[in-house]
Amino acid sequence: MPVLTLVTFLPLVGALVIWLLPMDSRGHRATALATVVVTFLVSLQLWFGFDRSLHTMQFVENLAWIPGFGVSYHLGVDGISVLLVLLSTFLGITAVLSSFSAVENRTRSYYAFLLVLQTGMTGVFVSIDLFLFYVFWEAMLIPMYFLIGVWGGERRLYAAVKFFLYTMVGSLLMLVALIYLVIEHYNQTGTLSFDLLEVYGTDLDRTEQLWLFAAYALAFAIKVPLFPFHTWLPDAHVEAPTAGSIILAGVLLKMGTYGYVRFCLPLFPEATVAAVPVIAVLSLIGIIYGALVAMVQPDLKKLVAYSSVSHLGFVMLGVFALNLQGLQGGMLQMINHGISTGALFLLVGMVYERRHTRLIEQFGGLTKVMPAFAVCFMIITLSSIGLPGTNGFVGEFLVLLGAFGANKFYGVLASTGVILAAVYMLWMFQRVMFGTIRHKENESLKDLNLREWITVAPLLALVFWIGIYPKPFLDTMDASLVHVLEQVGAEAPAIEYDIRGGDEEHAHLGIDAPGPEAETAPIEDADTGGGDDVSAPLDPEPTTDAGEETE
Amino acid sequence: MLDLFWLIPLLPLAGFLINGIGIKWMPKRAAGYLACATVGIGFLIAAGAFFDLRALPVDERSVTHVLFPWITAGAFHVDVAFQWDQLSAVMALVVTGVGFLIHVYSIGYMAHDPGFKRYFAFLNLFTFAMLVLVMADNFLLLFVGWEGVGLCSYLLIGFWYHKDSASDAGKKAFIVNRIGDFGALLGMFLVFWTTGSLTFDEVFARAPGLLVAGAALPTAITLLFFLGATGKSAQIPLFVWLPDAMEGPTPVSALIHAATMVTAGVYLFARASSLFLLAPGAMVVVAVVGGLTAILAATIGLVQNDIKRVLAYSTVSQLGYMFLAAGSGAFVAAIFHLVTHAFFKALLFLGSGSVIEACHHEQDMQKMGGLGKKMPVTRATFLIGSLALAGVPIFAGFFSKDEILYNTFTSELLGGWGVVLWVVGALAALLTAFYIIRAVALTFYGEPRDKKIHDHAKESPPVMTVPLMLLAVGSVFGGFLGIPIWTHLNAMHNWLGPVVGLRGDAHGAGAGHVAEAAQGGHDVGLEVLLMAVSVGLALVGIAYAVHIYVRNPAKARAIGERFQGAYRVLWNKYYVDEFYHAAVVAPFVAFGRFCWRVFDVQVVDGLVNGTGQALRGLGSLLRPIQSGSTPSYATAILVGAIVIMGYVLIGGPR
């Protein structure tokens, strides 16, 4: 069974069915729901059937498409993309369910666009062919544009156009770089191919790498968004309907970070290593800047949007730590952010539906009238803060651990984000949920209904699952990420203990102090603790343990 | 019981889940009993496992139970695993023992609160987190408990969330603690990238071979952990959250903000003592900060009128003593004081809760007075707790405080600081005796100052007074666990000695020597002399407090007026909160606003919109083909792109 084709195109089929229904049919949302649920169920095969020991593409489908140009319909998933595909199909359900009572006008086109959007996103993650990738990448813009522009808030047009133009600028640069890459590959091998797996082998000199990296990196940076390319995000989020925000935050932004891992790292390893300081500093600014700006937002959605800037900074920092801890953390944090921020937008949408405002000062004391909502909101808030036991902690910890191993300075600065996250989230929570009810309208707000429970409960379950037992998720990514690091050729940060020869040596060292071991002088200076250049092993027999992480 | 010890933390977790998920359906009474039972059974298992552990030879007294692998990423691996050794056994006994009494007391104290079930769910969750903290077998799981207790503290301080002061205090506690956690996190990163592990056994076995005593690396690691400890244990500069934390229900103050959570920093020192001994410089910092906090908080405690605030500052001050002990290298003395303090401070808080309940939630001591006759049990037990806190001989606090002061005086680690810090500690003992007897006098003795409150006051029911009596027993006899060391009957030392201090000593001969010096070589004469001095000072404090608060109440006011300046500074807690607000909070908020309104909206968006305007100007030249709808641009771009690509591919290469 062509699982990936089904997962990618079932939503499109659903969209076509919806378009065939009459304008005023009540069947739009039912059809949409059925489509996303079936798609999700089909996609579960990717979870259960995925061989976690392999780093190669799985569930591969490869058909010639435009043979003259070397374009093929080549789909596949590996540890990098499989969880993102699952996240897309999962959040697809959340998005549809969240729209049930929120969207009442033009439901036919609304649900159709939502489904087309899902096809576009899934396609981005499963495409191995560069041309196919680009088609999905661009195609997904159109439904998103309409979702914001038609069903959005007051300044929806401004936001939609801003979103569109921002991403377009990036896309064009990426297109140019893509074409150059394919041509270069053709020049070297004589084969015209858009197949990423073949293009991986292209030999590029440093200058070429830097230019191409820059073009790709800019396109992805806008999508992530990396500071200072982030200003489209708050506008798009504030104006988008709830489902749009969920998808935007949950999945769309991941296309940027995914792009870095899938393209920039393996295609341009030299440029990647050279770019680390730039990207890391922009990520750090994003972490702190996003948090500070989130802190002073009067609008709930804007606050969450800026918190995304901060969180995505963590993801980027983890990826560009270029060690397994950081990369694992960054990838996991992509999933976590999709869950937590998706849920935050969902919850904000719920209060918006009830009160038709998102201004924080309009709330206060909601816990009293909406206790169940309060519990859900609290759990998601804590997950966003990265409290241990929730998903956010595992990802954030690994990111910070990896960043610290790559460069202590990065680790220290990024860790301040942990404090700031608590500041802006808890302050927001307090102003919305605690205190006494100050506005009469809030006294009669209804607590969660059954549909809302069903929408939010799976997200809560994932928060705890990943927080308490992240092993299946980390295992899924492990082999592929190890492979990416091999492609980059980055060295794992050294652990002092390994440099000095592992367990036996030390058990010995630990017991009897005097003796020849005295010549292995302990490390005196903190600065050598995890630097890039590994000092030569001090023991007589050389050890290779230091590099074991990338093997 | 030894093979069941890992159930100890899981029982309250189960209680939390049942009470939390079933909050709508659980009968109120059952919820309370269930919560108590989970902790009570936990205590029984802990006691059993303790005796089993004691039956083992000294070097086999550590059992680990792995529940499941938690996080693995390359060389990094951490399990969810619990450890049962001498130190965690002592801590678990305190947490479940004192915790159980406080749970029971709460059934009475919270009986009429509409949030009764939520309260017990949170209290159970706290107990779980605290047990994880003290039973974790690695730094990361310890950190889970560490942040977990912080969360519960946040939830319980803000338990009455409709009060702004309560939710403010909860938030403040969480954020200030997070600043400390930032340090703890960085400390863990350094430990991992040095030793390649976060598991206690591995780290402590490898550290002496990797770290040079006194070098920058161990100092950095320990100072970062110390930063974490100042947050959780409310020391300078992060002590500001604890007094505000008194917004929570009083049993919460007793359990979390006196007996257990706030001592987590001290536990961390003891657990990682072999790292701390490699960093003598950091030890001095710990001791100095502890000493300063002890005296600073004691001075503030002198003038507070809210009975819980007096106890809160007292707790900060007593935690300072524990830090002082740890910094002197006397880790056992620190844990010993932790244990006795858990008894007498929990007692004092619960006693104050009994008073507050009787006074219909009035906490201002200026409105009390003369309550002793109406509440004989509360008075008697509160007095016992006060004498224990004041360090009157035979009461629990006497032994532990004496041991700390003696160790400070003689510590070689502290060098010249030792004597100075001893003076500070002894002075703080004087102040301690004064402020707590002042509180006793204002509350229980003298004439009633508010007739209405006094008339309605009555003794609390047995569900509250029985825990008071049991804690009073502990406050009287708890000290005998650690009677002076020269008698060789010091149970604490004999029990904990093998686990705190250096392990697997390699070339850290220097550090080993220091540890030896810090704990050995007892000068009996000197200890008796120092004891006499501190007891003398305590008695002076007591006598003076009795003199002015029981005998001549007018005099107190006169003194306050005479030293008005000093009084105002103390009353305003040295203006630390105000300083933090002006120096940290306000600038950050202002900077955040600047980033948003100026940089985002004007600079970046100005640039973007400007470009858009310019393009539109350019585009008007092409009006005929401009349809005005962006999607058609998109289509055009897509088509154009494909055409260009086709052209390049066919005509371009070669």
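Modeller: Let's start with the ground rules, then look at the interface and some salt bridges. This is a predicted model, where local features need pLDDT of at least 70, side-chain atom pairs count only at pLDDT 80 or more, and totals for chains, interfaces and linings use all residues. Residues are numbered from 1 along each chain as its sequence is written, chains are lettered from A and ligands numbered from 1 in the order in which they are written, and side-chain values use heavy atoms, leaving out hydrogens and water.

Biologist: What is the area buried between chain B and chain A?

Modeller: The size of an interface is often given as the accessible area lost when the parts come together. Buried area is that loss for two parts (1.4 Å probe), summed over both. For chain B and chain A it is about 7,700 Å², and carbon and sulfur atoms give 76% of it.

Biologist: And how many salt bridges are there between chain B and chain A?

Modeller: A salt bridge is a side-chain nitrogen of Lys or Arg within 4 Å of a carboxyl oxygen of Asp or Glu. Between chain B and chain A the count is one: D605(B) with K162(A), at 2.8 Å from N to O. K162(A) sits in helix α7 (residues 156-189) of chain A, and D605(B) in helix α26 of chain B. Helices here are DSSP runs (H or I, at least four residues), numbered from the N terminus.

Biologist: Are K162(A) and D605(B) buried or exposed?

Modeller: Buried means under 20% relative accessible area, exposed over 50%, and partly exposed in between (1.4 Å probe, protein chains only). Both K162(A) and D605(B) are buried. They also belong to a network of salt bridges with R155(A) and D235(A).

Biologist: Which parts of the sequence does the pair E452(A) and R354(A) tie together?

Modeller: Their side chains meet in a salt bridge at 2.8 Å, N to O. E452(A) is in helix α19 (residues 450-468) and R354(A) in helix α14 (residues 324-355) of chain A, so the pair joins parts 98 residues apart in sequence.

Terms used
Helix = DSSP H or I, 4+ residues; strand = E, 2+ residues; numbered from the N terminus.
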